[in-house]
Amino acid sequence: MGLIKTVTEKPWERKGVIGGMVPEGTFAVTAERVALTFFLVIATVIFSLFMVSYYLRMELPDWEPLSEPAQLWFNTGLLIASSVLFQWSRNIVVRGDTRNLYTSFFGSGVLAILFIVAQMVTWNHLQAGGFYLSSNPAVAFYYLLTGVHALHLIGGLWVWSKCAIRLTSGGEPKEVRLSIQLCTIYWHFLLLVWIVLFAILANT
Amino acid sequence: MAYVPLADQDQDMEMHHPHSWVEKYVWSQDHKVIAIQYGGLAVLTGIVGLVLSLLFRMQLGFPESVNFVDPNFYYQAVTMHGMIMVVYFLTALFLGGFGNYMVPLMLGARDMVFPFLNMMSVWTFLISVIILMASFFVGGGPTGAGWTLYPPQTAMAGTPGHDAGIILMLVSLIVFVVAFTMGGLNYVVTILQYRCRGMTLMRMPLTIWGIFVATVLGLFAFPALLVACIMMLFDALLGTSFFMPAVLEAGTPLDFEGGSPILFQHLFWFFGHPEVYIVALPAFGLVSDVLSVHARKNIFGYRMMVWAIIAIGGLSFIVWAHHMYVSGMNPYFGFFFATTTLIIAVPTALKVYNWLLTLWEGDIRLNAPMYFAIGFIFTFIHGGLTGLFLGNVVIDLPLSDTYFVVAHFHLVMGVSPILVLYAALYHWYPKISGRMYNETLAKVHFWLTFLGAYAIYLPMHYLGFLGVPRRYYALGNTDFIPLSAQDLNSSITIAALIVGASQILFFINIIGSLKWGKKADSNPWGAASLEWQTPDTPPVHGNWGENLPTVYRWAYDYSVPGAAEDFIPQNMPESDVTTAQYAKSSQGNDE
């Protein structure tokens, strides 16, 4: 669709049915896919605003940089593995196959849950080390950013669990195909967000 | 990923058909019921906002004799009035109410794309309203920090509602953003993907364009409010210092240090300015359609109108700091934001000219909706012109904290959108209810509201010139303000009370007409757009009977030479135009 072409059309000149008898969506994908894309843009805006706030707040004199726990590398590994498994299950379900679907699909969800648990473990380590929310803005931002990221992942896991229930209660894989496809996109998005967050946290 | 166009889903589209009264009117997934729920709740909330404004206006007009408004309550009333009117009333009514009702009907769809999500949206909105209203009943009362909620004073003793009130306000806003996002995704995806046959983007009525761009603005601007609220909530509850600087409270230092109040202002206004257009753009769209129908002319410069809506939407994201001139900033920033602000006047003025040119030599029918629509052009021009003054840094600085600003933004984003709301409510009332409203009563309502609004806001400009500060509970002994300013204040309050009371006429009219109103035709105004071509009035669940409509033309074919009638419905094929009488061609209207 040429956007410029679309909005420069002169609607008063053209009569009749445009584009044949089949109505076309603006984008040739499912409505759910369009909604997800918009949601990803919204989430990007949210994370960007947090990051902008982070950089602006950092310039003020009371900022004491936090050295992030090394465990975050391990956590990142978990999230990457989860994303890879989701991609695998997507490829299986798109092929119309079922072999290894359970392994990959459930594996990805379990890894994502493990990631959240691991993030909470790092929170506990920080707390034990005397880094509280109120001790310094750098610490507060660490909790805030990782927390918001984890909340997004929990939202994804909610959809994942609905799919899981559908699959385990004897649903056909093709019933959950769209959900798995969309979840995969969402998982990759959250992985990307995490890597950017991690890079920013580790470098400041 | 298999893409199935809407038309191919005609026969087996899954509709959630209600089985009981509760499912039909309470847990409804029908966009029209949801629209009325959203709109009704917004109006109820708006009435609270209106009453609050009358209360603090009485304090301002008659400080000697009004003793039930103390300073604390004054600030709480001002704060809640502002927040309610901007977010919970105007945004919810335009997008939740009109957005829900108009989008599927004007596009020839059966419902929103995600009806369940739509239902969730309205109930989440209800929760946010309940949380907001709960703050009236907690210890300390609602927050009195001003609707902008600037830290640090929001969270400090001395500001009313600095403990429970502000927490409830922030939580309520967060819940509102969630509700709006669910609704907003629905509108955007429905508009992009669920239009009927032949309904190209450039054949959509301007109402839809306004709602579409406003929703996109909302989806991208509300996150800033969300982020600001979350961080402020952390500051208030968990002792972080995102926004709270090191500060003394009654002589003792608080536990905060180093936070940036300016950061909050940036986040707030990055939401706050697009918010103005989230309210204004649907109003622009609705009023364009009302003007065109009642002037029996196509809207002048349809494409320009669409481009102007898009341009205004884009520009609205790069002007936010003009709300912060008095906070102080690098002069080059001030220059940049003043420039972008003034550039917005170009597409806006273009829209005003196009509305006027739509009226030019039109066959104008002075029905009540047309009164309100023309009234809107007046108030919008006046409110817009004072915006040109305030957009300049040097003029804004002395005027910013005076009543001049109050007059400006109430005319441009208070009175103007509300006049459009009335125009739209009267215009679509016959379709929504199936009855005609009382024309005389509606016109009395118009004159009281329109002239009353001028009696309120025109004198405020003069108060502003005199330097009367806004936000003050009482003026006290201020040498530079002449005593006569108080007389002006009293007259403003009397006008406000009259305008407030006259809104009762509206409710009498729409509620009374449900019972006593004349039964409405399916298309009493002779309008061309799709929502007037439904087989049933009011439209039933599913909107279109057996088959979805097919669109052959844009929504503005009025007074076309050679046509049998002075309007051609969007779904009328070219072959019927010269011969068909509307009554015969309108599909299957059994009345």
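**Close-up views of a predicted two-chain model**

**View 1. H7(B) and H9(B) are roughly parallel to each other.** In this predicted model, the axes of H7(B) and helix H9 (residues 331-359) of chain B come within 9 Å and cross at roughly 15 degrees. An angle under 35 degrees counts as roughly parallel, and the pair is therefore described in that way. The crossing in which H7(B) passes H9(B) is left-handed. H7(B) contributes B:Phe284, B:Ser288, B:Leu291, B:Ser292 and B:Ala295 to the contact, while H9(B) contributes B:Lys351, B:Trp355, B:Thr358 and B:Leu359. By class, five nonpolar, three polar and one charged residues make up the contact of H7(B) with H9(B).

**View 2. Chain B touches chain A through residues that include parts of several helices.** The contact draws 50 residues from chain B and 44 residues from chain A. On the side of chain B that touches chain A, at least two residues each come from helix H5 (164-193), helix H6 (206-238), helix H7 (261-295) and helix H8 (302-315) of chain B. H6(B) gives the most to this side, with nine residues. Sorted by class, the side of chain B that touches chain A comprises 31 nonpolar, eleven polar and eight charged residues.

**View 3. H2(A) packs against H5(B).** The axes of helix H2 (residues 31-58) of chain A and H5(B) are 9 Å apart, and the packing angle is about 130 degrees. H2(A) is therefore oblique to H5(B). H2(A) passes H5(B) in a right-handed crossing. From H2(A), the residues A:Ala31, A:Val34, A:Ala35, A:Phe38, A:Phe39 and A:Ile42 meet B:Thr181, B:Leu185, B:Val188, B:Val189, B:Leu192 and B:Gln193 of H5(B). The contact of H2(A) with H5(B) has ten nonpolar, two polar and no charged residues.

**View 4. Helix H3 (residues 71-95) of chain A has buried residues covered in part by other helices of chain A.** The 25 residues of H3(A), at 1.5 Å a residue, should span 36 Å, and this agrees with the 37 Å between its end C-alpha atoms. Buried residues of H3(A) are A:Asn75, A:Leu79, A:Ser82, A:Ser83, A:Leu85, A:Phe86, A:Ser89, A:Arg90, A:Ile92 and A:Val93. Their cover includes helix H4 (101-128) and helix H6 (177-203) of chain A. A:Gly96 follows H3(A) and has a positive phi, near 85 degrees.

View 5. Most peptide bonds are trans.

**View 6. B:Arg296 and B:Asn543 have positive phi values.** Most residues other than glycine have a negative phi. B:Arg296, in the loop between H7 and H8 of chain B, has a phi near 55 degrees. With 16 other C-beta atoms within 10 Å, B:Arg296 is partly exposed. B:Asn543, in the loop between H14 and H15 of chain B, has a phi of about 65 degrees. With 22 other C-beta atoms within 10 Å, B:Asn543 is buried, since 20 or more such atoms define a buried residue.

Terms used
Residues numbered from 1 in each chain as written. Chains lettered and ligands numbered in written order. Predicted model: local features only at pLDDT ≥ 70, side-chain atom pairs only at ≥ 80, totals over all residues. Contact = placed C-beta atoms within 7 Å. Helix = DSSP H or I, 4+ residues; strand = E, 2+ residues; numbered from the N terminus. Nonpolar A, V, L, I, M, F, W, Y, C, P; charged D, E, K, R; others polar. Axes fitted to C-alpha atoms, helices over the stretch in contact; angles between N-to-C directions. Parallel < 35°, antiparallel > 145°, perpendicular 65-115°, else oblique. Left-handed = near helix turned anticlockwise from the far one by under 90°. Expected span 1.5 Å × (residues − 1). Buried ≥ 20, exposed ≤ 12 C-beta atoms within 10 Å, placed from the backbone.
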